[in-house]
Amino acid sequence: MQMLRTLRGSNNEGVLALVLLTLIIAMSIISPAFLSAGTAFSTLRSATVPLIFALAVLVVIVSGGIDVSFAAVAIFSAYTAVSFAITTAPDLPAFAIIGFAIAIGAVLGLFNGVVIARFRLPTLIVTLGTQGVFVGVMYTYVGATYYAQLPPSLASLSSVTVIDFATGTGRASLHVMAVVAIGLSLIIWWMLTRTMFGRALYAIGGDAEAARRAGFRVMRTQVLVYVLVGVLAAIAGVAHMVMGRSANPQDLVGDELDIIAAVVLGGASIFGGRGSVLGTVLGVILIQVINNSLLLAGVPSAWLRAAVGMLLIAGVGIQAIAARKKARRVHTVDEQKADRVVEEVAS
Amino acid sequence: MASPPTAAVEPVLAVHGITKRFGGVTALAGVSLDLLPGEVHCLAGENGCGKSTLIKIISGVERPDSGEVIIDGVAHSRMNATSAITSGVQVIYQDFSLFPNLTVAENIVLTAEVAGRQKLYRAASVRPKARAIVDELQLDLDLDSEVGDLSVADKQLTAICRALVHAARVIIMDEPTTALTHTEVARLFAVVERLRARGVALVFVSHKLEEVLAISQRVTIMRSGRVVTSGLASDFDRRSIAEHMTGSELDESRLVADLDESAAPRLVVSHLDLPGAFHDVSFSVRPGEILGVTGLLGSGRTEIAEAIFGARPAASGEIFIDGRRADIRSIPDAVDAGIGYVPEDRLSQGLFLEKSIADNIVAGSLDRHRNRWHGLDRARIRATIAGLFSDLKINAPNPEAPVRSLSGGNAQRVVLAKWLATEPKVLVLNGPTVGVDVGSKAQILDLLRKAAARGMAIIVISDDAPELVSCCHRVLVVARGRVTHELSGDEITAEIIHERMAA
């Protein structure tokens, strides 16, 4: 029983892994071409940007908030940095462009964080608002031009792979940005489990007032969360452009649903205080595999969004029903315990 | 009761001449208090007497306008929450301020790590640290359970353990016994004795006078921001404390109206059964009668009430109202049948906190205020609101004030008003005076007597024995989901009720 509990994981990661495994086995039986290193690597490749976004969303959700402006922050910061490099400083090295994008992302995140923490406003509404503001400001002041070519330093990153080998059906390669995503996952995992900042996020997500009384600096932590989201979003934005070899200001915004669905499926509680990096990684991969499988199975792509939407509702629904069950369990009489108490009193 | 500490002992903590004003209101006027190591000090007073403000100042959450807090002979004029914690002052709030999503061990250790200004979190050291405290107090707590799954009593013990991680020398407990049953209180007091042996000074802020007297060595009573009296607990009794608190004599004698023995029962409950909650429950209530239902927390007393109100319908059995069988499968069924229910957790279940008192009063009875065209009859609504607002003596500037701004006793009266407005035949109240001060309590019980006198059948669920003694015609004792005793007449005394509850 104890082993089962451990295998299941505190956020049902075990269940998720089982679903993922079942899906992969089923797909391999239906279409033998599915099970190959090529598919695995291409899934990793398509999961790279969603994974970085998902880490950002995980951090906010654990702290008890939600951020729907991350895609806008990503495109704003990456597009601004890239278009600055193209129009005024074509020789800028890649790290400078990425650094510039991260700085912009941090400032936009800071804006979100200050508005939310200082005025204690609902996070969904604030980020819904800033999403519009960020996109609007970008179109107005930065531009809406589509750049088919990245600055040379970034463009050269596009073809960097870490592992590259030939398989029976073609080439399989691991993009450098996928390695970045894996590295970020490890960093966020370490932060959530091994630092006081991470524990503060869980504490605030569990009960913000209790966290305040315990001496956590709630406002500062909340602001930092949104700055962190901005930074991660900026990295995701740059990764998206590098992997797509172009800068399109119309990208990313509108795909937030997939990311939030992945994080919630990964066991993060929409009510705050729960969630893990492992679950999030599994959630992201699950959504990618489902998308790929449905495409392979010949399902029209229009249905993909519907499928993801249903998964999100199922994920939240399971959480809510489990919470309700738990609440009910506490109320019913535990006869054995009651007997024991009575005996204690008698003796 | 252990002997009181001698005056020669240096106080761990003392406050001198504390004054605090909020805007134009003086919350505290020259309050002084000292706490000796190893004593339990009871701080009593009605809602709004300044107890909470005093606690906030001692724990560094508020700064006094004048006066000083002296810890171990050192005066602190600029204390904040963290420096209070590092000086060994801990407050256990009524809601415990625990993290429901973290384990017991994490909850016990986490605040100490925060106060230590650590950057890294050493997960491996958490369990041993928590284990040491739990073992020292000889508690039976599962360190790996999530706090959200614990009972109220276990949450409280977790909070006490957390306070001890900081090597707390002053522990202030806000209403520590309110949500506990009789056995749990006994268990808490055993822990309190162990804490005293360690030289910890405890402050109990409480309304439940009997319990507090049983464990305290000294008592300080506040009224309107001043200390009215302070002295050894052995010099006080229930009555004298209540008199100091209210400033007037307290009438807590048994006061029940005579019943018409021939009247047909208003409510008959027959062989009600809900597996896992209660079994074969039968009783009846006559018009004008106040029936008390008591039992330990988890005995099934709340579940029985919820079944009658349709919130969690019974699996089998029958309910009759005025002789007619009422098939209650849901809350609307119960309301249609003329049953009203004032829940245990009023703040979350009984009120619209952001709405005005007026809106809350009529929220349950809009159907009764319709005009010919099924629109709302504004004039009648206003009359109902005005009538109940003044009858219930709700202490607010006007009925338009939001319910959130009210104190516990007044919010409680609003819930009561809401159900009285529906003119139910049967009114079920779960813990009608929990967390309410003595003065308000007497008034609320009076309101119930008046409502009963108009022919309503009233069921009061409570583990506050003096309250049951004061107003109930009969008292049913529930244990493990069964009605084990029925007390009536002279049998209804606090002693017998306590005895039957535990038996």
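1. In this predicted model, helix α1 of chain B (residues 51-58) is largely enclosed by the rest of the structure, because six of its eight residues are buried. Buried here means under 20% relative accessible area, with exposed set at over 50% and partly exposed in between, using a 1.4 Å probe and protein chains only. The buried positions of α1(B) are Lys51(B), Thr53(B), Leu54(B), Ile55(B), Ile57(B) and Ile58(B), and just after the helix Gly60(B) takes a positive phi of about 80°. Helices (H or I, at least four residues) and strands (E, at least two) are DSSP runs, numbered from the N terminus.

2. Chain B contains an open sheet of six strands in the order β6-β7-β8-β3-β9-β10, with mixed pairing, where two strands pair if DSSP finds at least two bridges between them. Its edge strands, each pairing on one side only, are β6 (89-92) and β10 (226-232) of chain B. Neighbouring strands of this sheet are turned by 20° against each other on average, direction ignored. Helix α1(B) packs on the sheet, where it touches β3 (40-44), β6, β7 (170-174), β8 (201-205) and β9 of chain B, and its direction makes about 135° with that of β3(B). Such angles run from 0 to 180 degrees between N-to-C directions, the axes being lines fitted to C-alpha atoms, for helices over the stretch in contact.

3. Strand β9(B) (residues 218-223) runs antiparallel to β10(B), and six bridges join the two; within this pair, Thr220(B) stands opposite Ser230(B).

4. Chain A has 15 helices and two strands, and buried residues account for 48% of its 347 residues.

5. At the interface, 32 residues of chain A are in contact (heavy atoms within 4.5 Å) with 34 residues of chain B. The two chains bury about 3000 Å² between them, 56% of it on carbon and sulfur atoms; buried area is the accessible area (1.4 Å probe) that two parts lose on being put together, summed over both.

6. Two salt bridges are found across the interface of chain A and chain B, a salt bridge being a side-chain nitrogen of Lys or Arg within 4 Å of a carboxyl oxygen of Asp or Glu. Arg199(A) forms a salt bridge with Glu106(B), their closest N and O atoms lying 2.5 Å apart.

7. On conventions, residues are numbered from 1 along each chain as its sequence is written, and chains are lettered from A and ligands numbered from 1 in the order in which they are written. Local features need pLDDT of at least 70 and side-chain atom pairs count only at pLDDT 80 or more, while totals for chains, interfaces and linings use all residues, and side-chain values use heavy atoms, with hydrogens and water left out.
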